[in-house]
Amino acid sequence: RKPVVNYLRVVKEELEHLRATLPAGVRMGQLHWGGGTPTILPPDMIRDLAQAVKDVIPPAPDFSFSVEIDPTLVDDAKIAALAEMGMTRASIGIQDFAVDVQEAIGRKQSFAATRACVDSLRAAGITSLNADLVYGLPHQTPAKLANTIAKVRALDPDRIALFGYAHVPTFSKRQKLIPNESLPGEEARYHLARQAAQAFTGSGYQAIGIDHFGKPQDGLTKAAKSGHLRRNFQGYTDDTCPSLIGVGASSISQFAQGYVQNASATAAYIERVEAGVLSGHRGYQMNGEDTLRAAAINMLMCDFEIDLKALDHHANARSLLPIHSAILEDFAGFVVATGNGLRITKAGRPLTRIIAQRYDGFSDIQAQYSQAS
């Protein structure tokens, strides 16, 4: 517990630096605890941290609070503490329930433990529950995925996130233990993704963007229908706040002017905070072209189309036309022209990331990355 106690002390110190920097009147619309294992905190520390955040940035009237939950690191007391501090949505990591798949990725989690976690969350009054699944995992097969999907449907989550496994052993020591031959090929990955998507839409969930599914009453589903769905570096959101402030090691803040990331290594993060400065380590300042390209990408990822009229407030919106023309030619049949721009067809939606990348001004940077879709 000692390292966790020390880390919480530093986070609270960073919050005090933040208090001295923020302008008066700022309110918090949404609070998200993530980064892997926030439920490692015992109940008293959960209350302590939540109250420290609220003391620095008071919640807005429509405040929501989501937490990433590891069913193997949570109990009724922790869930009660989170509910007491205002948690409104829980996000449960599942990945896959197949034992050999779990062993390969180092995440052993039984269905019974997950079921108990869900029951405890529902009993605590949590009405919004998200489940994270991953396709393309080592040893994953259609039969194993079908079994996992059946168990997830039995848990009855309100929202499902379906992500492609990112195999990047150069960045993850654990992944070096996974043989390449245990991974599904590109075609197999595609079919696994389609299998899951069809299973969820066939059982009443509505597709949201490229990798989420929600019940009709879910907030993301409503945002997608009303045209207010957004996507940031965390994923899809209905958050309308103009700024996102990251707290803790490696967290990222997003402002109208650009991005700032805190020091990634915990030791470097602690050193900056204890030196009495904000822990931002690197950042990027957006220019007009960056803002335009980001808006176009957001349209494609959320609505599968680009409306040039909606981008007219950007001074250089017409600079996208050559990119439009190239996409219409290269993806003929998957992308069609509209009166105001272009639209990705239903058949072309699995290619959305690839198409959106054409608008990324940094896509030609050479880097090691996963082929995950």
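This is a predicted model: local features need pLDDT of at least 70, side-chain atom pairs count only at pLDDT 80 or more; totals for chains, interfaces and linings use all residues.
Cysteines come first. A disulfide is a covalent bond between the sulfur atoms of two cysteines. With a cut-off of 2.5 Å between cysteine sulfur atoms, the count comes to 0 disulfides. Cysteine 302 accordingly takes part in no disulfide. The nearest cysteine sulfur belongs to cysteine 241 and is 16 Å away. Cysteine 302 is buried, because its relative accessible area of 6% falls under the 20% limit. Cysteine 117 is also buried, with a relative accessible area of 4%.

The sheet is open and consists of 3 strands. Their order is β10-β11-β12, and the pairing is antiparallel. Strands β10 (252-255) and β12 (280-285) stand at the edges. Each has a single partner strand, so one side of each is left without a neighbour in the sheet. On average, neighbouring strands are turned by 15° against each other, direction ignored. Strand β11 spans residues 258-262. The antiparallel pairing of β11 with β12 runs over 5 bridges. Glycine 258 stands opposite glutamine 285, a residue of β12.

Threonine 114 lies in helix α5, which covers residues 111-123. Threonine 114 counts as buried because its relative accessibility is 0%, against a limit of 20%. Leaving aside residues up to four places away in sequence, threonine 114 touches Pro71, Ile92, Ile94, Phe97, Gln109 and Leu155.

Technical notes. Residues are numbered from 1 along each chain as its sequence is written. Side-chain values use heavy atoms; hydrogens and water are left out. Buried means under 20% relative accessible area, exposed over 50%, partly exposed in between (1.4 Å probe, protein chains only). Two strands pair if DSSP finds at least two bridges between them. Helices (H or I, at least four residues) and strands (E, at least two) are DSSP runs, numbered from the N terminus. Axes are lines fitted to C-alpha atoms, for helices over the stretch in contact, and angles run from 0 to 180 degrees between N-to-C directions. Contact means heavy atoms within 4.5 Å.
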